[in-house]
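Subject: A structure for you to explore

Hi there,

Here is the structure I promised to pass on to you. Have a look at it first, and then read my notes below with the model open beside you.

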Amino acid sequence: MSVMSDAPAVLATQKPENVREETGRGREIGFLILFAIFAGYTLIPLVGVGLFSVATTWFDTVLPVGYTLDHITETLNDPLFVPTVGRSIIASLATIAVSVALMTPVMFLIHVAAPRASPLVEFLSLLPFALPTIVLALSLIRTYSAPPIVLSGTPTLLILAYVVTGLPFMYRALDNSLRAIDTTTLNEASVTLGASRWTTLRRVILPNIRTGIAAGALLVFSVTFGEFTLSSFIVGDAWKTSGVWTVAIWDDQPHKTTVMVMIGFAISWIISLIILVGFSKRATVETGQR
């Protein structure tokens, strides 16, 4: 009788576990479905652009009538391909270097010396989101077209404009990393051992926020590479970038435009992988040394 009376109790305790397992599987299936929908929504346009870049004719059919690599060959052999892509890469990498060099010390000092200024700096970092790109370009041209500083029409002004547009992304990446490592405690410990703030930043803080710097660099590169509006207004044809050239050939050579879009996407992925691998190797080496 005791065995028979204990059986329902055992079943009662096992039933909720089965229910939880089924609920967990249902959630996983739902998550996979949502992920598939999101991936399809994101990738289908890219697949369409890729198909159009190798299509011979594609107007009123579901798929292209034929495929060819001539569009890719023509784009790569175009005399403007290497110069425009090279300028875009140079401008994006220079923007990353300037943004890191300017923002990292500023964010470090805000966290350790002036935490009350953080809301003001955060507000200022969000202003580029509210400022239309055309307004920014015209304002910079107006400001730097007359002495004492004349930068209008130069790549330098374009890079500075890119720094402004990438400011929100670099700020958020650095701020999150500095908050995650408890910068104030690390700074106090370093100062107690006799290190200056510059030494603390260089040897204590930077190794611990490399992931944040990498994330900010990736976001800045994705925003600046292939950008059109600022490049068109500030430098135009005098220092033509890939974004300006891509838009210029759209009417006459739409296939080459889509090829440039795919190449830009590939370059962004390659640069992103280089940045991630570079930072991960550096962090691994430093961890091994410690």
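Let's start with T241: leaving aside neighbours within four places in sequence, T241 is in contact with T84, R87, S88, L158, E227 and S231, where contact means heavy atoms within 4.5 Å. T241 sits in the loop between α10 (229-234) and α11 (242-248). Its relative accessibility is 1%, so T241 counts as buried; buried means under 20% relative accessible area, exposed means over 50%, and partly exposed is in between, using a 1.4 Å probe and protein chains only.

Before going on, please keep in mind that this is a predicted model, in which local features need pLDDT of at least 70 and side-chain atom pairs count only at pLDDT 80 or more, while totals for chains, interfaces and linings use all residues. Residues are numbered from 1 along each chain as its sequence is written, and side-chain values use heavy atoms, with hydrogens and water left out.

**The overall picture**

The protein has 12 helices and zero strands. Helices (H or I, at least four residues) and strands (E, at least two) are DSSP runs, numbered from the N terminus. Of the 290 residues, 34% count as buried. Among contacts between residues at least 6 apart in sequence, 74% join residues at least 24 apart.

For the angles here, axes are lines fitted to C-alpha atoms, for helices over the stretch in contact, and angles run from 0 to 180 degrees between N-to-C directions. Angles under 35 degrees count as roughly parallel, over 145 as roughly antiparallel, 65 to 115 as roughly perpendicular and the rest as oblique. A crossing is right-handed if the near helix is turned clockwise from the far one by less than a right angle, and left-handed if anticlockwise.

- Helix α3 (residues 81-112) and helix α6 (residues 155-180) pack at about 45°, with their axes 8 Å apart, so they are oblique to each other. The crossing is right-handed. Residues making this contact include A91, V98 and M103 of α3 and I159, Y162 and L174 of α6. By class, the contact residues are 15 nonpolar, four polar and two charged. Here Ala, Val, Leu, Ile, Met, Phe, Trp, Tyr, Cys and Pro count as nonpolar, Asp, Glu, Lys and Arg as charged, and the others, Gly among them, as polar.
- The axes of α3 and helix α9 (residues 210-224) come within 9 Å and cross at roughly 140°, so this pair is oblique too. Again the crossing is right-handed. S92, L93, T95, I96 and V100 of α3 meet I213, A217, V220, F221 and T224 of α9. Seven of these residues are nonpolar, three are polar and none is charged.
- The axes of α6 and α9 come within 8 Å and cross at roughly 160°, which makes α6 roughly antiparallel to α9. α6 passes α9 in a right-handed crossing. Among the residues that meet are G166, F169 and A173 in α6 and G212, G216 and V220 in α9. This contact has 11 nonpolar, six polar and no charged residues.

The side chain of S92 reaches the backbone oxygen of S88 at 2.9 Å. Not counting residues up to four places away in sequence, S92 touches F221, T224 and F225.

L157, in helix α6, counts as buried because its relative accessibility is 1%. With residues up to four places away left out, L157 touches L140, Y144, L151, S152 and I234. L157 and Y144 are 13 residues apart in sequence and 8.3 Å apart in space, C-alpha to C-alpha.

**Two backbone features to look up**

Most residues other than glycine have a negative phi, and most peptide bonds are trans. The peptide bond from P147 to P148, however, is cis, with omega near 15°. P148 is found in the loop between α5 (133-143) and α6. D182 has a positive phi of about 55° although it is not a glycine. You will find D182 in the loop between α6 and α7 (183-192), and D182 is partly exposed, with a relative accessible area of 41%.

Happy exploring!

Key:
A polar contact is a pair of N or O atoms within 3.5 Å; within protein, one must be able to donate a hydrogen and the other to accept it, and residues adjacent in sequence count only if both atoms are side-chain atoms.
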